[in-house]
Amino acid sequence: MSDRHSLRDSLLGVVLLIGIAALLGAVVRQPATESQGRAALESLSSLDQQAPARRDLQIQTWQTPGGAKVLFVAAPELPMFDLRLTFAAGSSQDGEAAGLALLTNAMLNEGVPGKDVGAIAEGFEDLGAQFGNGAYRDMAIASLRSLSKPELRQPALQLFNQVIGQPTFPADSLARIKNQLLASFEMNKQNPGKLANLELMQRLYGSHPYAHPSEGTAQTIPGINREQLIAFHQRAYAAGNVVIALVGDLSRTEAETIAAEVSAALPQGQALAKMAQPSEPKAGPSHIDFPSKQTHILLAQLGIDRREADWPALYLGNQILGGGGFGTRLMEEVREKRGLTYGIYSGFSAMQARGPFLINVQTRAELSEGTLKLVQDILRDYLAKGPTQAELDNAKRESAGSFPLSTASNADIVGQLGAIGFYDLPLTYLEDFMSQVQALSAEEVRAAMARHLKPEGMLIVTAGPQVPQQPLPPPTDKPAAQPTGIPEH
């Protein structure tokens, strides 16, 4: 079950926030060897402050007879291919059985007719192939990486098609995975950051399907049975409910054959309905009392969905505010000048429906109220005045420099294709996005941020002890209490 919690599906900008990553997953990069043979390495001095070249993708698309959308990029430089299936089968489809989507996805490679989990793993290993899977709020994925030689490709695909199309959901594996989840729920009770995230999503989404955790709860997981997994697989893993992304050493004819075989191996059915938009939540604070030296502070409100026209401006604006690591407004004012935290991050998580905008910071408990007010003041000032020209120019330059990494490997590209297909974005999305980012003015960024974020509309969740508060230290170039490592609870 490798790659279960990777999020290579995400497009540029989804990876804006480490705090969001705790809710939705994390990015995984593949080794740079996949770029060998495409172009000579460029030295930093030769770039002369210009962005490095990126791969010129020529995306081909079609639909299988079963209704699956296919996106394909030929990449003959290496004798391998990557296949990624993206289903609208995330936890937002759980219904009343929170955790159903995750359990179904986790069980895919636990058994097929004639093979148990060990035989499946050995089968992929003997062929030099890798299977991956994962389930999140919007989507569930299944992936295959294999050498492209027919004598290795065909048996790898045959096994993959069994895993995605004929899972047996064995009872012993279901019991084992349930126990693992239940043990993780007990551990979460000792994690104030996790408790704060759970409270935040519940308050932010209320009765919307995004509200419950993707992994389910201690109340729902024990009652989920094999029959529910089978029914969910038949409904949500249908050929009409999947995007097939292919990248690698394949001809168009070979790619069409693979896509048709994969589509035919799945249950036959239609796409599930798109996710409805959530209602606006009630702003204001809530607190979780937790015995620790640190207080976790989360500020959030509903953000945008993946098709929002303002996304390029919001991406760039957030990079300046708190999404770009060191050098952002929040990091400079809260960490560098006052030493209040190891790190502070902000980000939009754009999903099928409006995802959260989140600011995440952890600080000493006795400074938590002052830190919260400081963060609110920084946000309020930024939304009113926007970025400076210098901040805008730096953010554009950094974005242009990092953008080629979004297509640096075949694994990166197959994730991008999956997201483009899943969110119904144009095939030229990647090129259009960076062109739009580079064309933005400071005023356009300010106006977009102000349209979508309201300081008075923030929902606030804190988790930590109730202790007497101290005043914040004044800003300085050398704060006395500069943190040296990740704080402990």
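1. A salt bridge here is a side-chain nitrogen of Lys or Arg within 4 Å of a carboxyl oxygen of Asp or Glu. E366 and R364 form such a pair, their closest N and O atoms being 3.0 Å apart, and R364 counts as partly exposed at 33% relative accessibility, where buried means under 20% relative accessible area, exposed over 50%, and partly exposed in between, with a 1.4 Å probe and protein chains only.

2. On the basis of these remarks: this is a predicted model, in which local features need pLDDT of at least 70 and side-chain atom pairs count only at pLDDT 80 or more, while totals for chains, interfaces and linings use all residues. Residues are numbered from 1 along each chain as its sequence is written, and side-chain values use heavy atoms, with hydrogens and water left out.

3. As for the chain overall, its secondary structure comes to 16 helices and 13 strands, taken as DSSP runs numbered from the N terminus (helices H or I, at least four residues; strands E, at least two). Of the 489 residues in the chain, 56% are buried. Where contacts (heavy atoms within 4.5 Å) join residues at least 6 apart in sequence, 84% of them join residues at least 24 apart.

4. The structure holds 21 salt bridges. One of them joins E333 to R338, with the closest N and O atoms 3.2 Å apart, and R338 is buried, at a relative accessible area of 13%. A network of salt bridges links R329, D381, K385 and E391.

5. R446 forms a salt bridge with E443, the closest N and O atoms being 2.9 Å apart; the two lie three residues apart in helix α16 (residues 442–452), and are therefore separated by about one helical turn. Both are partly exposed, R446 with a relative accessible area of 22% and E443 with 46%.

6. Two packed helices are described by the angle between their axes and the distance between the axes. The axes of helix α12 (residues 368–385) and α16 come within 7 Å and cross at roughly 125°, axes being lines fitted to C-alpha atoms, for helices over the stretch in contact, with angles from 0 to 180 degrees between N-to-C directions. That makes α12 oblique to α16, since angles under 35 degrees count as roughly parallel, over 145 as roughly antiparallel, 65 to 115 as roughly perpendicular and the rest as oblique.

7. In this packing, Y382, L383, A384 and K385 of α12 meet V445, R446, M449 and A450 of α16.
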